Structure formats: C-alpha cells, structure tokens
Amino acid sequence: MQNASDATSATTPGEDTGPRPRRLSDVKGWFHPVDQVLFDWILSRQRYRGQRGDLLELGAYLGKSAIFMGAYLRAQETFTVCDLFDSPAPDEANSAEMGRSYATLTRRAFEANYRSFHDGLPQIVQEPSSGITAHVQADSCRFVHIDASHLYEHVHADIAAAQKVLGQDGIVVLDDFRAEHCPGVAAATWGAVASSGLKPLCITATKFYGTWGGYDAIHADLAAFLKERDDMWHGAEEVAGHPMIRISGKKARPPEHPVSRHANEADPRPPGQAAEPASAPSGAGGRARSLLSSLLARSGRS
C-alpha cells in the first residue's frame with residue numbers, strides 16, 4: 001500500500017521543506033539516465049510478465065530514485081523505503097559517513113519531494129537497514145535497490161537481507177559498487193557473487209544488477225533490448241560463469257519521468273537558469289515502456 005506511512009508522516013503542512021520540485025531533475029541526488037532506462041525496463045518487464053511483489057529501497061537520500069520506482073507500484077503491493085534520514089547513526093563509522101555525505105538529509109524533505117509526484121507516501125522505516133527484515137516479509141519483493149551505507153559490513157548485511165526478502169526471479173541493484181571511495185561496496189558485491197549464488201546480470205558506471213533467480217531468460221531479453229538501442233553501448237564479460245552485460249550509457253536517453261504536481265508552476269530560477277520543461281517521453285528513451293504497454297494491451301493485461 002503506497003500510503004501506508006501517512007499516519008506517521010514527519011511532514012507537517014506548512015513546514016518549509018525547500019523549493020518544490022517541478023520535475024525529477026529538480027530533486028537532488030544521483031540517478032543517471034542509463035540506470036533510469038534499466039529500472040524502467042526491468043520494472044516494466046515484470047509487469048508484462050505478471051510478476052508481482054513489493055518494492056524496497058535501502059537508502060533514499062532526498063527521494064530521486066524512490067520517486068521513479070514509486071511509479072511502478074501496483075495495487076496490493078507495498079513500497080518500503082528505509083533510511084536513517086536525520087536519526088543518529090548506530091556506530092561511529094556510520095555517523096562519520098552520514099556527516100560527511102548526507103548532512104542535509106531530513107525525512108521531511110524526502111516526504112515533501114515524494115508527495116510532489118505521488119498522492120501517498122511509501123512505507124517508511126526510519127532506522128538502520130540492518131533491521132529491515134523485521135518490516136519486510138521474506139520472499140515478498142520483486143525489486144530491491146540498495147544505496148545505503150557504503151561500509152563493507154553494512155553492505156554485506158544489506159545484500160543478505162535482499163536475498164531473504166526477494167521472491168522468485170527478483171532483482172537486486174547495488175549503487176556505487178565501482179566508486180573509488182566506496183571499496184566496501186565492491187568487496188561486498190563481488191563477495192556475494194563468489195559465495196551466495198548472486199548472478200551478475202549487468203553493470204553500468206555506478207550500479208550492479210543481479211539476481212538469485214532465473215538468469216537466462218532475462219539476460220536474453222535484456223541483450224535483445226540493448227541491441228535495438230542506438231544510445232547505449234554494451235558488451236559481454238564472463239563473470240563467475242555468467243555472460244554479464246557491461247553497459248556504457250553516457251548518451252542514454254532517459255525514459256518518461258513521473259510528473260510533478262508543481263510542473264506548471266512558475267519557475268523560481270532567474271531567466272537563463274531554468275531547466276528543460278518537465279515533459280513527457282523522450283523519444284527512444286521511452287521505448288521500453290511504450291513497447292511493453294502495447295504488448296500488455298494486445299495480451300489483454302492491465
């Protein structure tokens with residue numbers, strides 16, 4: 001249920017939560033177009049195949065990827081977002097990381113951003129991600145995005161939690177696994193590939209995509225999809241016995257974004273600094289959703 005946390009919302013009407021985002025690009029955070037394309041393709045493919053399950057994000061910052069994911073939530077599914085937000089970190093190392101990178105993060109800013117694009121809030125768990133399995137049932141999720149602590153011990157635990165909560169053929173995505181300042185994420189990610197049966201589906205400049213479920217069908221479908229794109233280079237790399245796809249998407253055209261309720265309000269920025277219009281599908285970037293929508297219509301699904 002998308003608005004499961006409304007009763008405990010930390011955002012009070014009238015509070016100053018900063019400028020209201022008129023488009024997704026107005027929300028601060030790191031979510032590159034190539035990863036937007038892949039999120040769109042995976043979540044749309046799940047819908048087309050009738051694969052049901054909940055969504056989970058560990059580490060939300062100000063909500064950019066959560067807002068995007070929320071657009072794929074269906075009736076009787078739950079989207080859970082777990083983040084410390086402005087709560088104290090559980091240990092000194094995590095506290096130092098929070099102070100260094102996320103000093104401006106607050107729950108009310110996240111909620112205000114999310115409500116700009118969606119009628120209700122996701123289920124919000126404001127505590128360390130280590131306790132997420134107390135809030136999300138085993139085998140209940142179809143998609144998990146991990147972008148919380150970058151410390152090895154925490155990422156290792158987050159991956160273990162993802163394996164527990166993901167259902168059959170669910171997908172896990174890990175952020176910053178290639179960043180030079182986040183060696184703990186890389187160690188935990190490849191360690192899971194080596195020891196837990198996590199199969200590497202594809203990688204981008206910042207994110208790792210994998211599954212503990214069926215591999216061949218989604219790998220073949222993804223390769224076919226990428227072959228039709230003229231804005232994303234891809235090649236195969238044999239990793240742990242699997243033909244992982246390596247993707248370069250510097251020129252990737254993003255898919256259609258959720259539309260902000262503030263899209264038609266006057267832009268507060270000075271002339272010349274206004275961003276592009278908060279518009280609609282961007283050509284081939286929206287191809288995955290458009291193609292899958294037509295397939296859904298022909299198959300009689302909704």
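The buried residues of helix 6 are covered by elements that include helix 5 (152–165), strand 5 (166–175), strand 6 (199–203) and strand 7 (207–211). Here helices (H or I, at least four residues) and strands (E, at least two) are DSSP runs, numbered from the N terminus. The model is predicted: local features need pLDDT of at least 70, side-chain atom pairs count only at pLDDT 80 or more, and totals for chains, interfaces and linings use all residues. Residues are numbered from 1 along each chain as its sequence is written, and side-chain values use heavy atoms, with hydrogens and water left out.

The residues of helix 6 that are buried are Gly184, Val185, Ala186, Ala188, Thr189, Ala192 and Val193. Buried means under 20% relative accessible area, exposed over 50%, and partly exposed in between, with a 1.4 Å probe and protein chains only. Helix 6 comprises 13 residues (183–195), which at 1.5 Å a residue should span 18 Å; its end C-alpha atoms are 18 Å apart, so the two values agree. The expected span of a helix is 1.5 Å times one less than its number of residues. Gly197 follows helix 6 and has a positive phi, near 85°.

Two packed helices are described by the angle between their axes and the distance between the axes. For helix 5 and helix 6, the axes come within 8 Å and cross at roughly 35°. Axes are lines fitted to C-alpha atoms, for helices over the stretch in contact, and angles run from 0 to 180 degrees between N-to-C directions. On the side of helix 5, Tyr152, Val155, His156 and Ile159 meet Gly184, Val185, Ala187, Ala188, Thr189 and Ala192 of helix 6, where contact means heavy atoms within 4.5 Å. Sorted by class, this contact of helix 5 with helix 6 has seven nonpolar, three polar and no charged residues. Ala, Val, Leu, Ile, Met, Phe, Trp, Tyr, Cys and Pro count as nonpolar, Asp, Glu, Lys and Arg as charged, and the others, Gly among them, as polar.

Helix 1 passes helix 7 in a right-handed crossing. Val37, Leu38, Trp41 and Arg45 of helix 1 make the contact with Ala217, Ile218, Asp221, Leu222 and Phe225 of helix 7. By class, the contact between helix 1 and helix 7 has seven nonpolar, no polar and two charged residues.

Helix 1 itself is mostly covered, with 13 of its 16 residues buried. At 1.5 Å a residue, the 16 residues of helix 1 should span 22 Å, and its end C-alpha atoms are 22 Å apart, which agrees. Gln46 lies in helix 1 and counts as buried because its relative accessibility is 2%. Neighbours within four places in sequence aside, Gln46 is in contact with Gln51, Arg74, Arg142, Phe143 and Ile171. After helix 1 comes Gly50, with a positive phi near 75°.

Most residues other than glycine have a negative phi, and most peptide bonds are trans. Phe85, although not a glycine, has a positive phi of about 50°. Phe85 is placed in the loop between strand 2 and helix 3 and is buried, with a relative accessible area of 2%. Asp86 lies in the loop between strand 2 (79–82) and helix 3 (92–101); at 48% relative accessibility, Asp86 counts as partly exposed. The C-alpha atoms of Asp86 and Thr106 are separated by 5.0 Å, with the two residues 20 apart along the chain. Asp169, in strand 5, likewise has a positive phi, of about 65°, although it is not a glycine.

For the protein chain as a whole, there are eight helices and nine strands, and 50% of the 302 residues count as buried.

How values were computed. Left-handed = near helix turned anticlockwise from the far one by under 90°.
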